[in-house]
Amino acid sequence: MKRFSFHTIIPTLVLGVAMQTIAQESTLEEVNVTGRAQQYYLQKSTELGSKLDLSILELPQSVQVLPAQLIIDQAARDITDLYRSIAGVSEFSYSGVTFRGFRDSGNVFYDGVRGDPYSGFSVPQLFNVERVEILKGPAAALYGGGEPGGMINYVTKQASFEPSTELALTGGNFSLYGGSVDTTGPMTDTVAYRIGAFYEKQDSFRNNAEEENLEFAGGLLFQLSDKSTLNASVDYVDQSLPGHRLRGVLVNDAGDFIVDRSYNTNEAVDFQNLEALILQTQLRHHFTNDFEMRGTLRYLDNEREQGYHEPRGWVDVNGDGEANIQDATVRREYRDQFRANKEYSLTLDFIRRFDVAGLEHQFLFGADYHDVDTEYSYLRARYEADNVRDLNIFTLNYGESDPSSYNLTDLNRDGTQLTRYGLYLQTHTQFNEQWSLMLGFRYSDFEDVNKSIAFRFSDDHVSPRFGLTYSPIPNAAIYLNYSESFKATSLGNQGRAEEFGFLNPEKGHQWELGWKQEWLEGRLLSTVAAYQIVKQDVAVTNPLEGQPGQPDVINLGEVDSEGIEFTVVGDLTENWTLTANYAYNDTRVVKGGDLRNSFADGSRFVNSPEHQAGIWTRYDFRAIDSSIAFGADFVDEQFGFSGTQRVQPYTTFDASWTSSWNRISLQINILNVFDKEYAVSGFLERTGHFPGSPREIIAQLRYQL
């Protein structure tokens, strides 16, 4: 395809708000009360991307919503299980994704605010998530700094006045077992509660590794008056990952695994542990029918501990002067790391609706604040000189290394203080039944402090947006969107460049042209979007590093991402529903200077597949209260950081069967039906590719009161 262009406890239940709660309750009622497949996967409205009362059809930007029923049907337990259903998104590593060609792990929101309890190297779990919302393209005009590919918002489960209790048991291969309970309902006429608990444990197909998750969640919903609601919630997460932090499996340049996909450089004593406490309040108040306020306050306290063996390349065992695969031995270092975050997020939005000169307006004024105080300690032992045994990749000699005997060096890392402020304005004007216009901008101010050396950097940025929508016929919309992104350069890179002047934020902008339409009397919604994203001032290592008068890091180059995405979701018939997508993306370095690495001129960006496609379709046999579902996921060729090691394209297939008897349902999912051996993404040559999971069978038994 040719490239194209466009010119400690109960009292802590304080903290809440809940305008989105009303939308969530509506969604839950639709799923439970109606039997139409349309309510399963198709959701027609979201506040993501506008913070206004707009339908997805009216929003001049591409957005997807993955509702609760889709999460259940796909037996999705963490976000990686859902990537097949998101056009233009593929797995990078851990919780990081490739989003329209750009690596992104920081644009993660919960209920519209920052504060990711799984930040770092853990993957977001879905027990406490009601739905997942995805905004495509730059989002800085409302949400602040981040990569230009898009953002993910997790809408959490909240208390409801609609009584509901669900018990669930889960089992499967790889010694999977677990269970959950979730109950909500009224306490009084004005107060509702929610209590949830989740536990799951499973062995990994990777050597020495397993996973254990524990989560408790609760909340109270206060109907303060007919104009005000307050929602307070608490969430506690405890995750234990023995044998982690997982790296990849070694491959040759063609992308073939040279060892079994169970390969792991970690010992059984290695670990990655996460503990997090999240307190949140959401408030919504209507001053009048046309003037409302929404506020969210979120507090996050999480700690992550890791002790793991990192591969550092080949050892010249044969003594021929070359260290390579023929030596069959990798050297390792041991990393003992501790990270802790305390985060505060506050967002206040004021929305005013009014008519002027016969035109309908929605006006948004908002402000947000995000403060992150981190602690970081790092101890390291390197190679056999520090008692860390080398690993033979073919004759795995696990158990010969004991971290208690290592000669650890303290690298004295003390953490950072990151502060973000933002003010934003937005107006949406409906001129008539055909035309509408959205205009907005945000002023962002940020300050970063390295606490170990008292190094400080601050800057600000203004991010505009523009969106024009034309509806030639009812239930159809053509839109044109312009939006921008920015991302503050990391403190580490700023410190390396300080002597020669601070680095600029990495900036991006996007033009997007799209067409949305409802079909089959509104039962089906399709979106086609074509876009061009340009990212500039990327911070990279200076090719002249080390020469007199040259900084170590510079702002250099330009990255160009161009693509087309297609999604369709909803009913084909009364019993047949589906969600399907296809994405074409070409992300390349167009101004890379003299660099001879993954940022060289013309090189494709790391882990950016050119073609992707996903489908999940369900058919209901109502006469026997059963359904069957099939899914497929295709990801095209990618390349790791070396630029030479290929990640082979792959296609996997899934299937499920569900039967119900009164209030009981049994669901059996088979993931990767044909046990395809594949890698989801590449990384460094010494760490290998991240392998996809082999065939997995999951059984879920649910009882609903």
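Rings of Phe, Tyr and Trp (its six-membered ring) are paired if their centres lie within 6.5 Å; planes under 30 degrees apart count as stacked, over 60 as edge-to-face and the rest as tilted.

## Aromatic pairs

By this rule, the predicted model holds 22 aromatic pairs. In one of them, the ring centres of Phe92 and Phe641 are 6.0 Å apart and the planes stand at 65 degrees, so the pair is edge-to-face. Phe92 belongs to strand β2 (residues 89-93) and Phe641 to the loop between β30 (638-639) and β31 (646-647); the pair thus links distant parts of the chain, 549 residues apart. Strands (E, at least two residues) are DSSP runs, numbered from the N terminus. Phe92 is buried, with a relative accessible area of 2%, whereas Phe641 counts as partly exposed at 26% relative accessibility. Buried means under 20% relative accessible area, exposed over 50%, and partly exposed in between (1.4 Å probe, protein chains only). Phe92 and Phe641 form one aromatic cluster with Phe683 and Phe690.

Tyr110 and Tyr154 form a stacked pair, with 4.9 Å from centre to centre and 25 degrees between the planes. Tyr110 in strand β5 (residues 108-110) and Tyr154 in strand β8 (residues 150-156) are 44 residues apart, and their pair also links distant parts of the chain. Both Tyr110 and Tyr154 are buried.

## Backbone features in loops

The peptide bond from His244 to Arg245 is cis, with omega near 15 degrees. Arg245 is found in the loop between β13 (228-242) and β14.

Ala328 is not a glycine, yet has a positive phi of about 60 degrees. Ala328 is placed in the loop between β15 (291-314) and β16 (329-356) and is buried, at a relative accessible area of 10%. Leu520, also not a glycine, has a positive phi of about 50 degrees. Leu520 lies in the loop between β24 (506-519) and β25 (524-541) and counts as partly exposed, at 37% relative accessibility.

## A patch of negative charge

Glu275, Glu303, Glu305, Glu375, Asp410 and Asp414 gather in a patch of negative charge on the surface. Residues of a patch have over 30% relative accessible area and no salt bridge, and like charges are joined within 9 Å. A salt bridge is a side-chain nitrogen of Lys or Arg within 4 Å of a carboxyl oxygen of Asp or Glu. Glu275 lies in strand β14 (residues 271-288) and counts as partly exposed, at 39% relative accessibility.

## Basis of the values

Residues are numbered from 1 along each chain as its sequence is written, and side-chain values use heavy atoms, leaving out hydrogens and water. In this predicted model, local features need pLDDT of at least 70 and side-chain atom pairs count only at pLDDT 80 or more, while totals for chains, interfaces and linings use all residues.

Technical notes
Patches are made of residues with over 30% relative accessible area and no salt bridge: like charges are joined within 9 Å, nonpolar side chains (Val, Leu, Ile, Met, Phe, Trp, Tyr) within 5 Å. Accessible areas come from the Shrake-Rupley method with a 1.4 Å probe; for residues, only the protein chains shown count as cover. Lys and Arg count as positive and Asp and Glu as negative; His and the chain ends are not counted. The place of a charge is taken as NZ of Lys, CZ of Arg, CG of Asp or CD of Glu. Helices (H or I, at least four residues) and strands (E, at least two) are DSSP runs, numbered from the N terminus.
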